[in-house]
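Biologist: I have a chain on screen and want to learn how to read it. Can we go feature by feature?

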Amino acid sequence: MLLAMLLASAARSFPHASAKALAISTVRWEEGQPGCTFSRDDDGKYRYGFWTADFGVVLAVDSQELEKTRRRAQPIFALLLNVRYRGKDSLDVIPDKITLEFVKHYQDIHSALDPDDLASEQQNDTDALVAETEREIRRHPEKKEAKEAALTARQKDAAQMIEFLTTRSLRTVTLDSGHPEASGWLLFSTKSKWIDDLQKQEEFVLRVPLGNRVVKFPFSLPPSEGDLILRTRPEN
């Protein structure tokens, strides 16, 4: 009797689970398709737009992002995302559910980094450098000026990075008619056992869950080998 009840309960649960799984659909950006836009803009960014009746998502990719990633102290790849809601209900934007796939590196998938964790790491590293600098100065007083100058420069860089992470990262938010738009940066690590060095041209897939849909943005950087956007200087 107990076994029969368990089997009956399991049988009832499967259709529900299947229906829940089917409720999530995947939509894909494809150049030239309805609702899909692409532009190469004067600020040096490629922009990929995906629009539905309820929302629009615009992914902005710096044309020089691969080079910038290679030069950064931390191996971080940055993307700018803008989400606009134009429905009558609400839409949750949850950055920590957004992922980036590195297609050429065994399709390695990375979740967006937590900006607060990164800011804490920056502060901890700076505090450790302060203590180390003080020890070095005690051992080598003749190097005080150079050590303090290096520390000041590092503290300035860290403060700027912490401010950027705090004020310009994409944050979890619920969009509605009163607050229809969210914009901010997403950061992804470019290091794993599958990723060593970034190639001259990389292929990515950004997945953005929004409500019961996942928007996929497949893109290459640069879109074609040798592609370069000439940035326009802002007028004074």
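Biologist: Is D108 buried or exposed, and which side chain of opposite charge is nearest?

Modeller: Start with the terms. Buried means under 20% relative accessible area, exposed means over 50%, and partly exposed lies in between (1.4 Å probe, protein chains only). For charge, Lys and Arg count as positive, Asp and Glu as negative; His and the chain ends are not counted. A salt bridge needs a side-chain nitrogen of Lys or Arg within 4 Å of a carboxyl oxygen of Asp or Glu. Now the case: D108 is buried and has no salt bridge. The nearest side chain of opposite charge is K193, 8.5 Å away.

Biologist: What should I know about the model itself?

Modeller: This is a predicted model: local features need pLDDT of at least 70, side-chain atom pairs count only at pLDDT 80 or more, and totals for chains, interfaces and linings use all residues. Residues are numbered from 1 along each chain as its sequence is written, and side-chain values use heavy atoms, leaving out hydrogens and water.

Biologist: Which side chain makes a polar contact with D108?

Modeller: A polar contact is a pair of N or O atoms within 3.5 Å; within protein, one must be able to donate a hydrogen and the other to accept it, and residues adjacent in sequence count only if both atoms are side-chain atoms. Here the partner of D108 is the side chain of H110, at 2.8 Å.

Biologist: Where does D108 sit, and what does D108 touch?

Modeller: Helices (H or I, at least four residues) and strands (E, at least two) are DSSP runs, numbered from the N terminus. D108 belongs to strand β8, residues 108-111. Contact means heavy atoms within 4.5 Å. Setting aside residues up to four places away in sequence, D108 touches L100, E101, F102, S192, W194 and I195.

Biologist: How many salt bridges are there?

Modeller: The count is 10. In one of them, D62 meets K68 at 2.7 Å, N to O. D62 is buried, because its relative accessibility is 5%. K68, at 25%, is partly exposed. D41 and R47 also pair, at 2.9 Å, N to O. D41, D43 and R47 are linked in a network of salt bridges.

Biologist: Which salt bridge links distant parts of the chain?

Modeller: Look at R213 and D54, whose closest N and O atoms are 3.5 Å apart. R213 is in strand β12 (residues 213-221), while D54 is in the loop between β3 (45-51) and β4 (55-62). They lie 159 residues apart. D54 has a relative accessible area of 34%, so D54 counts as partly exposed.

Biologist: What is a nonpolar core?

Modeller: It is a set of buried Ala, Val, Leu, Ile, Met, Phe, Trp, Tyr and Cys residues joined through side-chain atoms within 4.5 Å. In soluble globular proteins, nonpolar side chains tend to be buried together. The largest core here has 37 residues, and L81, L206 and F217 touch the most other members. Strand β5 (residues 76-85) gives the most to this core, with 5 residues. A second, separate core of 9 residues includes I76, L80, L165 and W185.

Biologist: How many helices and strands does the protein chain have?

Modeller: Count 4 helices and 12 strands. Of the 236 residues, 35% count as buried. Among contacts between residues at least 6 apart in sequence, 63% join residues at least 24 apart.
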